[in-house]
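This briefing goes through one protein chain, from its overall fold to a few selected side chains. The sequence and the structure come first.

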Amino acid sequence: MSTPRHPQVKVWDWSIRFFHWSLPVLLYLLWHSAGEDLDRHMLFAQLMLGLLLYRIIWGFIGTPYARFSHFVYHPGQVIAYLRASFSPQKPVYLSHNPLGGIMVLVLLGTLLFQATTGLFTTDDIFYNGPLYDSVSRTTSGWMTQWHKSWFYEGLLLLVGLHVLAIGLYKLRGESLVKAMVTGHKAPNGGQVADLLEPRPQTFPWLRFVPAVALAYGLVWMMFNGL
């Protein structure tokens with residue numbers, strides 16, 4: 001007998017999917033422009049930082065499955081998930097599972113660290129970060145060193161782990177990529193651990209517009225010295 005399945009559930013709203021797929025594009029553009037065109041590098045940095053701030057804000061006021069409160073779990077729940085993952089009836093999550101929630105926080109923190117250190121950097125010739133003058137030269141030198149090394153020693157390593165995890169879950173029968181493209185999931189009925197009560201699927205524009213305005217308003221203030 002086949003396992004019953006839930007109907008398609010809307011999990012990821014379009015803004016979360018746009019955020020997710022924009023990250024690798026911007027990371028490539030930032031890497032490519034770092035040594036060639038710092039004017040564009042700064043532009044891409046503003047877009048990246050705005051997206052990160054938006055995702056943090058949306059994690060508190062966004063659609064239900066995108067909120068941190070939905071996928072950030074107590075350590076005991078993370079351990080229980082790890083144990084259950086080796087059982088035949090392993091749990092399936094519509095949003096990020098307990099390990100995925102940790103990875104989201106780590107990746108967001110890593111990207112914010114990369115972006116924040118860039119605000120204080122200098123090439124000692126032509127270009128300074130927008131907040132360079134607010135710290136000492138020693139601090140700026142430290143930030144510059146971290147900004148250059150962390151991309152390769154920290155960020156790319158975590159991105160690689162993220163891609164590896166996606167492949168492993170695909171082998172388990174969970175297509176995380178497809179869900180992030182379509183926004184929908186249809187998991188096995190008896191295994192869903194975080195299914196919410198059905199709600200109207202209208203996009204919350206009245207929360208989205210202020211979230212975007214706040215995120216990019218903060219970025220504008222950082223880069224314009226206000």
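Helices here are DSSP runs of H or I with at least four residues, strands are runs of E with at least two, and both are numbered from the N terminus. On that basis Leu164 belongs to helix α6. The model is a predicted one. Its secondary structure amounts to eight helices and two strands.

**Overall fold**

- Along the sequence, the elements come in the order β-α-α-α-α-α-α-α-β-α.
- A box of roughly 70 × 40 × 30 Å, taken along the principal axes, holds the C-alpha atoms of the protein.
- The protein has 226 residues, and 39% of them count as buried.
- Among contacts with a separation of 6 or more, 74% come from residues 24 or more positions apart.

**Surface and charge**

**Helix α6**

- Helix α6 spans residues 137-171, and Leu158 is found in it.
- Is Leu158 buried or exposed? Its relative accessible area is 15%, which is under the 20% limit, so Leu158 counts as buried.
- Which residues does Leu158 contact, leaving aside its neighbours within four places in sequence? They are Val106, Leu107 and Thr110.
- Met103 is 55 residues from Leu158 in sequence, and the C-alpha atoms of the two are 8.5 Å apart in space.
- Leu164, also placed in helix α6, is one of the residues of a nonpolar surface patch.
- The patch consists of Leu157, Leu161, Leu164, Leu168 and Leu171, and together these residues have about 530 Å² of accessible area.

**Salt bridge**

- How many salt bridges does the structure hold? The count is one.
- Asp37 and Arg40 form a salt bridge, with 3.6 Å between their closest N and O atoms.
- This N to O distance of 3.6 Å is within the 4 Å cut-off, so the pair qualifies as a salt bridge.
- Asp37 has 29% relative accessibility and therefore counts as partly exposed, a class that lies between the 20% and 50% limits.
- Arg40 has 53% relative accessibility, which is over 50%, so Arg40 counts as exposed.

Note on methods. Residues numbered from 1 in each chain as written. Predicted model: local features only at pLDDT ≥ 70, side-chain atom pairs only at ≥ 80, totals over all residues. Heavy atoms only, no water. Buried < 20%, exposed > 50% of the residue type's maximum accessible area, 1.4 Å probe, protein only. Contact = heavy atoms within 4.5 Å. Patch = residues over 30% accessible without salt bridge, like charges linked within 9 Å, V, L, I, M, F, W, Y side chains within 5 Å. Areas by Shrake-Rupley, 256 points an atom, 1.4 Å probe, with all protein chains shown as cover. Salt bridge = Lys/Arg side-chain N within 4 Å of Asp/Glu carboxyl O.
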